[in-house]
Amino acid sequence: EKYTVVIPAAGQGKRMKAGKNKQFLLMNQTPLLIHTLRVFEEDILCNSIILVCNKKELDTMHNLISDYQISKVEKIVPGGKERQQSVYEGIKAVKGNPVILIHDGARPFIKEAVIHDLLETVVSRGSAIVAVPVKDTVKQVNNGEVVETVDRSSLWAVQTPQAFRYETIIKAHQKAEDDNYLGTDDASLVEYIGEKVYIVEGDYENIKITTPEDLLFGEAIISSRKGEKK
Ligand code: CTP
Ligand code: MG
């Protein structure tokens, strides 16, 4: 089964403190967002890419994808104030694919094998998300005082991509908008309408480039992968 990927890239990158959208920053001489787009450009199971960007950056985005010859971008649509609104604009622009993946523009290190595991799960079971087991001990704290140590064995740190049947995710986003419900990821909106979500185990390389030191981690991941290919 083939899929359409919606890529939200309409954020401001405030925590990066670069004074501009972090997705245009260079990693190994290539813009961060291009690293992400190339994964889907190269995945044979990806039919099309819907890119969501800031209204003011529409021209910049069009130029970027033409400069780097990303051919699968079917549409570039303006996003909203919150990530959730940007994603909703993106999925509303999807035509004709029953399976939708949603993947952050700021996660350039997703592996094709993980995408394919996720795809298999959404087709056979339903809504599916990539996640990794939590490595740190997590404590619940109130006013600087530890309330309790949470049992880590059942905790997973959630990433993207997240995969859904088209009807499921459009219904979930519509209901969230109607109810003014703001979730922390797309799967939480599906949970909100009472539907099941399944976990697919990913890996710790699939970081979201968020703060300045993440660029260093990113460059390190790129050089380690170059080493592997030799
Ligand atoms: N995003 C979006 N629309 C928004 C906010 C975020 O499309 N209104 C996108 C970002 O561009 C990013 C992804 O959602 O690819 C994950 O968001 P995040 O890492 O938080 O990026 P920013 O919101 O840009 O960063 P910050 O929160 O530090 O401002
Ligand atoms: Mg943000």
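**Close-up views of a predicted model**

View 1. Leaving aside residues up to four places away in sequence, L51 touches I7, A9, L33, L37, M61, I65, V73, K75, I76 and V77, where contact means heavy atoms within 4.5 Å. The model is predicted, so that local features need pLDDT of at least 70 and side-chain atom pairs count only at pLDDT 80 or more, while totals for chains, interfaces and linings use all residues. Residues are numbered from 1 along each chain as its sequence is written, chains are lettered from A and ligands numbered from 1 in the order in which they are written, and side-chain values use heavy atoms, with hydrogens and water left out. L51 is among the residues with the most contacts inside the largest nonpolar core, together with Y3, L37, F40, I49 and L101, and this core has 32 residues. A nonpolar core is here a set of buried Ala, Val, Leu, Ile, Met, Phe, Trp, Tyr and Cys residues joined through side-chain atoms within 4.5 Å; buried stands for under 20% relative accessible area, exposed for over 50%, and partly exposed for values in between (1.4 Å probe, protein chains only). Helices (H or I, at least four residues) and strands (E, at least two) are DSSP runs, numbered from the N terminus. A second, separate core of 20 residues includes V52, V94, I129 and L189.

**View 2. Helix 1 and its buried residues.** Helix 1 spans residues 32-42, and because nine of its eleven residues are buried, the helix is largely enclosed by the rest of the structure. The buried residues are L32, L33, I34, H35, T36, L37, V39, F40 and E41.

**View 3. The two cysteines C46 and C53.** A search of the whole structure finds zero disulfides, a disulfide being a pair of cysteine sulfur atoms within 2.5 Å. The sulfur of C46 has its closest cysteine sulfur in C53, 18 Å away, which is too far for a bond. Both residues count as buried, C46 at 3% relative accessibility and C53 at 0%.

View 4. With a salt bridge taken as a side-chain nitrogen of Lys or Arg within 4 Å of a carboxyl oxygen of Asp or Glu, the count comes to eleven. The side chains of R83 and D104 meet in one of these, at 2.9 Å from N to O. R83 lies in helix 3 (residues 83-92) and D104 in the loop between strand 6 and helix 4, so the pair ties together parts that are 21 residues apart in sequence. R83 is partly exposed, with a relative accessible area of 30%, whereas D104 counts as buried at 8%. D104 also meets R107 in a salt bridge of 3.3 Å, N to O, and R107 is buried at 9% relative accessibility. K111 forms a salt bridge with D203, the closest N and O atoms being 3.4 Å apart. K111 is in the loop between strand 6 and helix 4 and D203 in the loop between strand 11 (198-201) and helix 7 (212-229), so this pair ties together parts that are 92 residues apart in sequence. K111 counts as partly exposed at 32% relative accessibility, and D203 as buried at 18%. Salt bridges that share partners join R83, D104, R107 and D186 into one network.

View 5. V158 is found in strand 10 (residues 156-165) and is partly exposed, with a relative accessible area of 38%. Together with W156 and I199, V158 forms a nonpolar patch on the surface, with about 240 Å² of accessible area for the three together. P161 is also found in strand 10, and the peptide bond from T160 to P161 is cis, with omega near 10°.

View 6. Although Q29 is not a glycine, it has a positive phi of about 70°; Q29 lies in the loop between strand 2 (26-27) and strand 3 (30-31) and is exposed, with a relative accessible area of 69%. N180, likewise not a glycine, has a positive phi of about 55°, lies in the loop between helix 5 (166-179) and helix 6 (186-192) and is exposed at 73%.

Terms used. Patch = residues over 30% accessible without salt bridge, like charges linked within 9 Å, V, L, I, M, F, W, Y side chains within 5 Å. Areas by Shrake-Rupley, 256 points an atom, 1.4 Å probe, with all protein chains shown as cover.
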